[in-house]
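Please read each numbered point with the model in view.

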Amino acid sequence: MGRGKVVLQRIENKISRQVTFAKRRNGLLKKAYELSILCDAEVALVLFSHAGRLYQFSSSSDLLKTLERYQRHIYASADAAVPSCDEMQNNYQEYVKLKARVEVLQHSQRNLLGEELAPLSPSELDQLESQVDKTLKQIRSRKTQVLLDELCDLKRKEQMLQDANRVLKRKLHEFEAEAASPPQLAWQGGGGMLSHDPPQPEHFFVALESNAPLQPTYHTMDMNQQPEPAPGGCYPPAWMA
């Protein structure tokens, strides 16, 4: 049977706890050694037992050098995370400059809208007026350009519609002309008569052998008389006998 799942909690039995500590300590030291050899890593392991006994492993010749390297790395990371006083002072000065610039722009915007004009001097008012005139010229120029572009676009669409209208009118005139023209009559062979019927092929008609008029003939026959065979030896069917 396989090993059961180990419950991760403190082992109450002292002897079992010491045995487990010894086994796992040796396994941990072995794994640290294998990691340093296989991966060429600098490994340092410090372990204290419950009784306060020290166990250590270092892949380098001196464990203290590895610990010093660890401390330098930790302190350098902490220094990089916390900005210095000079850097904080520079950031604050930059913030003050940006805030003042925003306030000036907001005040200028209010002046352009005709607000807060009382504290302005005559020279400032003249400057503001020239700025407004320049802005109005730019706006009017842009508006004129937009209207011209829209007008050119409308003219181009109008030309396209006119071309399409001319094409449709020409097709309509052609259709009306074809509908108003008389139908073509075909000459019929022999009598030279005009007929709307399509011409028939020559073998369609069979000429009569004589020009004598056809007269209907009547024959009397007794109901009890047996029918005579037709010329050529043909007899009527049995159901007629």
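1. Two residues are in contact when heavy atoms of theirs lie within 4.5 Å. On that basis, residues 24 or more positions apart account for 12% of the contacts in the protein with a separation of 6 or more.

2. The model is predicted: local features need pLDDT of at least 70, side-chain atom pairs count only at pLDDT 80 or more, and totals for chains, interfaces and linings use all residues. Residues are numbered from 1 along each chain as its sequence is written, and side-chain values use heavy atoms, with hydrogens and water left out.

3. The protein has four helices and four strands, in the order α-β-β-α-α-α-β-β from the N terminus. Helices (H or I, at least four residues) and strands (E, at least two) are DSSP runs, numbered from the N terminus.

4. Of the 241 residues, 6% count as buried. Buried means under 20% relative accessible area, exposed means over 50%, and partly exposed lies in between (1.4 Å probe, protein chains only). The protein exposes about 23,100 Å², of which carbon and sulfur atoms supply 59%; these areas come from the Shrake-Rupley method with a 1.4 Å probe, and for residues only the protein chains shown count as cover.

5. Strands β1 and β2 run antiparallel and are joined by five bridges; two strands pair if DSSP finds at least two bridges between them. Leu-45 has Phe-57 in β2 as its bridge partner. The two strands form a hairpin with five residues between them, and Gly-52 in the turn has a positive phi of about 95°.

6. How do the side chains of β2 divide between its covered and uncovered faces? Tyr-55 and Phe-57 make up the covered face, whereas Leu-54, Gln-56 and Ser-58 make up the uncovered one. In a regular strand the side chains alternate between the two faces of the sheet.

7. Leu-54 belongs to strand β2, residues 54–58, and counts as partly exposed because its relative accessibility is 42%. Together with Val-46, Phe-48, Leu-64 and Leu-67, Leu-54 makes a nonpolar surface patch of about 460 Å². Strand β1 (44–48) and helix α2 each supply at least two residues of the nonpolar patch.

8. Thr-66 sits in helix α2, residues 63–81. Why does Thr-66 count as buried? Thr-66 counts as buried because its relative accessible area is 10%. Not counting residues up to four places away in sequence, Thr-66 touches Glu-42, Ala-44, Ser-58 and Ser-60.

9. Leu-112 lies in helix α3, residues 85–112, and is partly exposed, with a relative accessible area of 39%. Leaving aside neighbours within four places in sequence, Leu-112 is in contact with Leu-128, Gln-131 and Val-132. Leu-112 and Glu-129 are 17 residues apart in sequence and 8.8 Å apart in space, C-alpha to C-alpha.

10. Asp-40, in the loop between α1 (14–38) and β1, has a positive phi near 55°. Asp-40 is exposed, with a relative accessible area of 72%. Glu-116, in the loop between α3 and α4 (122–180), has a positive phi near 55°. Most residues other than glycine have a negative phi.

Methods
Patch = residues over 30% accessible without salt bridge, like charges linked within 9 Å, V, L, I, M, F, W, Y side chains within 5 Å. Salt bridge = Lys/Arg side-chain N within 4 Å of Asp/Glu carboxyl O.
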